[in-house]
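Dear colleague,

Please find below the structure that I am handing over to you.

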Amino acid sequence: MNTDLQDFSHKRYNILTGEWVLVSPHRTKRPWQGKQEDVANEARPAHDPDCYLCAGNKRINGEQNPNYKDVFIFTNDFAALQVNTKQFSLNEGLLKAESESGICKVICFSPDHSKSLPDMDVKDIVKVVEAWQNEYQTLGAKKEINHVQIFENKGAIMGCSNPHPHGQIWSQSSIPNEVLKKHKSQKKHWDAHKSSLLGNYLVQELQLNERIIYQNEHFVVLTPFWAVWPFEVMIAPKQHQKNILEMNMEEVTAYAEAISVLTNAYDRLFNCSFPYSAGIHQAPTNGEANKHWHWHMSFYPPLLRSATIKKFMVGYEMFGTPQRDITAEQAVDRLKSLIK
Ligand SMILES: [Zn+2]
């Protein structure tokens with residue numbers, strides 16, 4: 001390993017977004033006097049009568065949830081995007097706007113209020129993955145839907161308003177900013193080399209074995225070289241697949257296993273139910289071949305050095321470039337040691 005990366009300030013390039021991150025490993029020695037968040041480690045009941053996501057309970061709009069047994073999906077009662085919105089555009093001088101329509105759904109991972117992904121059996125995570133596949137396929141097949149964003153916001157620290165284990169699926173007519181950056185970088189590489197940008201990167205990482213946290217036959221779990229968040233992790237298929245529909249049953253199980261291994265290591269890291277935002281980036285559903293896409297799932301956790309110390313993206317990071325102190329390799333060593 002290049003030891004300069006562990007000792008001196010440098011910037012690392014994100015091949016997927018074309019952006020840089022500033023890494024300052026010498027700063028990890030400075031004393032911490034920042035904000036301490038309260039830890040919310042209290043045990044939750046399997047069913048909470050006041051939770052609007054629990055089976056059989058009433059939601060805020062008055063609808064009653066069924067007595068679901070595994071995964072339950074419904075259209076968000078307070079969606080940021082709606083189907084029947086007015087179509088319009090504005091082009092006045094330097095002012096530009098376009099109407100945006102879409103469908104937002106909520107996916108409850110389990111009827112058990114107390115179980116987040118790391119607490120679930122792999123066979124139950126498989127059901128969540130199958131539901132993601134189903135939604136990506138049916139939403140993406142709609143003419144007006146050109147992108148399907150699957151994500152999970154976990155923990156009050158991430159602004160998650162309900163502790164019941166759930167994720168969201170926002171589908172819309174345009175391709176969002178973060179996806180568009182990766183779309184362009186992968187296309188450029190594909191056109192030049194006729195091979196997958198992320199696939200080629202994974203080959204290099206597997207050879208180096210410096211940032212791999214875990215792998216099974218079909219998936220790699222690693223901290224990307226260019227990671228911004230202290231314990232950022234990516235799960236990616238070893239095979240070049242443009243979207244999650246290309247997984248066969250064996251691969252779905254291997255993916256669910258990778259999610260389980262990672263989220264359990266996360267919970268052990270600071271001995272808490274580890275908060276994060278996780279999302280799947282995959283080929284847009286815009287009717288094009290999108291062969292250049294190599295799907296992957298990214299986890300962006302905000303915790304820095306304990307369950308109560310959060311990393312903020314402020315100051316230089318708001319006005320300049322994201323910055324991190326502990327290196328990706330140091331984070332990998334910590335997480336790797338927590339895998340059972
Ligand atoms: Zn609940």
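Ile280 has Met297 in β13 as its bridge partner. The model is predicted, with local features needing pLDDT of at least 70, side-chain atom pairs counting only at pLDDT 80 or more, and totals for chains, interfaces and linings using all residues. Residues are numbered from 1 along each chain as its sequence is written, and side-chain values use heavy atoms, leaving out hydrogens and water.

Helices (H or I, at least four residues) and strands (E, at least two) are DSSP runs, numbered from the N terminus; two strands pair if DSSP finds at least two bridges between them.

Strand β12 (residues 276-281) is joined to strand β13 (residues 296-300) by five bridges, and the two run antiparallel. Five bridges also join β12 to strand β7 (residues 147-154), again antiparallel; here Asn153 has Ser277 in β12 as its bridge partner.

A separate description concerns an open sheet of three strands, in the order β1-β2-β16 and with mixed pairing. Its edge strands, β1 (10-13) and β16 (323-324), each pair on one side only. Four bridges link β1 to strand β2 (residues 20-23) in the antiparallel sense, and Arg12 has Val21 in β2 as its bridge partner.
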